[in-house]
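Colleague: Thanks for sitting down with me. Could you walk me through how the labels on this one were decided?

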Amino acid sequence: MGNNLLQGKKGIIFGALDDQSIAWKVAERCVEEGAEIVLTNAPVALRFGGIHELGEKLNAKVIAADATSNEDLENLMDQSMETFGGKMDFILHSIGMSLNVRKKREYNDINYDWMHKTFDISAMSFHRVMQMAMKKDAMNEWGSILALTYIAAQRVFPDYNEMAESKSLLESFARSFGYHWAKAKKVRVNTISQSPTMTTAGSGVKGFEEFFSYSDKMSPLGNASAGACADYCVSLFSDLTRYVTMQNLYHDGGFSNMGMAPEILNLK
Ligand SMILES: NC(=O)c1ccc[n+]([C@@H]2O[C@H](COP(=O)([O-])OP(=O)(O)OC[C@H]3O[C@@H](n4cnc5c(N)ncnc54)[C@H](O)[C@@H]3O)[C@@H](O)[C@H]2O)c1
C-alpha cells in the first residue's frame, strides 16, 4: 500500500527487462505511490522481455529506445512529454551491459571495441539521457534523476571486469551533470550503489551466486533486495529529499563500511 509520496509526479523508467529487474520493482513502487510513468528499454529487450506485460499492469506507455542513440532518446523525450501532457519529475537510469563479461573475456585480455561499447551503454548513456532531457527542457524544477551503480567503482572486485570503470564513469557523470542540473532547474542527480541482486545483469558476473552469499554475510543487515532498492528510489524521487544531490548513496546493508566479518571466518 502506498503513501502517495509521488502523487502527481511523472517519470521515465529505463531498464525493466523482466520481473527480476530492479527497474521493474521501481516501476511498480512508483505507480503504487501515485506516479504516472513511461517505461523504456532497448528495442531487442522489448521483443524478448516482459515489459509490455508490465506496461499493461501499470497503465504505462512503453517506448523503445536504445540508450546509445541520440535519435531514439530524442524521440523518447518528445513522446513522453506528449504522453504526460508536459514535463516530468524523475528519471531512473537502470542500464548495464558489458560485452567483455558477456563474451567471457578476462580483464587482462580485453577487446577494446567491446570496451568502448560497454562504456557507451553502461555510462555514457546516462550523460546522453541527461543532456537530451536538458536540451528538450523536459524536467520540472526540483525533479530527481537517479542511476544505479555498484561499489566496484571504488574497490577491486576482479570478476566485475570493465564494469568497474563503467560505474566509476557513471558516478562521475552524476557529480558533474548534477552541478549543471542544479543550477539550471534545481534538479538533483544521484547514483545508488546497490547490493548484489539476482537479476539478468547481476548473474552475468562470474561466480555470482557465491559472491552474493559472501556479500550477504559481509553486510550486517544482509544484502538489500531489489524491492528495498525500489523503496529507496521512491524516497529519492519524492519531495522529502530535495537537497540531496551529486552523491553516490550506498544501499548495501552496511557492506561498504565493513573491514572484516566474523561470520565469513566462521567465528560466529
Ligand atoms: N544486479 C546487481 O547485482 C546490481 C548491483 C548493483 C547495481 N546494478 C545495476 O542496476 C542496473 C539494473 O540492472 P539489473 O540488475 O536490474 O539487471 P537487468 O538485466 O534486469 O537490467 C539491465 C537493463 O539494461 C538494459 N539495456 C542494456 N542495453 C541497453 C541499451 N543499449 N539501451 C537501453 N537499455 C539497455 C537491458 O535491456 C536491461 O533491461 C544496472 O545499471 C546494474 O549495473 C545491479
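**How the labels were decided**

Modeller: Gladly, and let me start with serine 69, which counts as partly exposed because it has 16 C-beta neighbours inside 10 Å. A residue is buried with 20 or more other C-beta atoms within 10 Å of its own, exposed with 12 or fewer, and partly exposed in between, with C-beta atoms placed from the backbone. Serine 69 sits in the loop between β3 (61-64) and α4 (70-84). This is a predicted model, in which local features need pLDDT of at least 70 and side-chain atom pairs count only at pLDDT 80 or more, while totals for chains, interfaces and linings use all residues. Residues are numbered from 1 along each chain as its sequence is written.

Colleague: What makes a stretch a helix or a strand, and how many of them are in the protein chain?

Modeller: Both are DSSP runs numbered from the N terminus: helices are H or I with at least four residues, and strands are E with at least two. The protein chain comes to nine helices and seven strands.

Colleague: Why is α1 called largely enclosed?

Modeller: Eight of its 11 residues are buried, so the rest of the structure largely encloses α1. Among them are Ile22, Trp24, Val26 and Cys30.

Colleague: How do you know that the span of α9 agrees with its number of residues?

Modeller: The expected span is 1.5 Å times one less than the number of residues. For the 12 residues of α9 (residues 226-237) that should be 16 Å, and the end C-alpha atoms are 16 Å apart, which agrees.

Colleague: Which residues of α9 are buried, and why are they said to line one face?

Modeller: Ala226, Cys229, Ala230, Cys233, Val234, Leu236 and Phe237 are buried in α9. Seen down the helix axis, the buried residues of α9 fall within an arc of 165°, so they line one face.

Colleague: What does the radius of gyration say about the protein chain?

Modeller: The radius is taken over C-alpha atoms, and the globule rule is 2.2 Å times the number of residues to the power 0.38. With 268 residues, a compact globule would have a radius near 18 Å; the protein chain has 18 Å, so the two agree. Buried residues make up 45% of those 268 residues.

Colleague: And how far apart are serine 69 and leucine 54?

Modeller: They are 15 residues apart in sequence and 24 Å apart in space, C-alpha to C-alpha.

Technical notes
The arc is that of the directions from the helix axis to the C-beta atoms.
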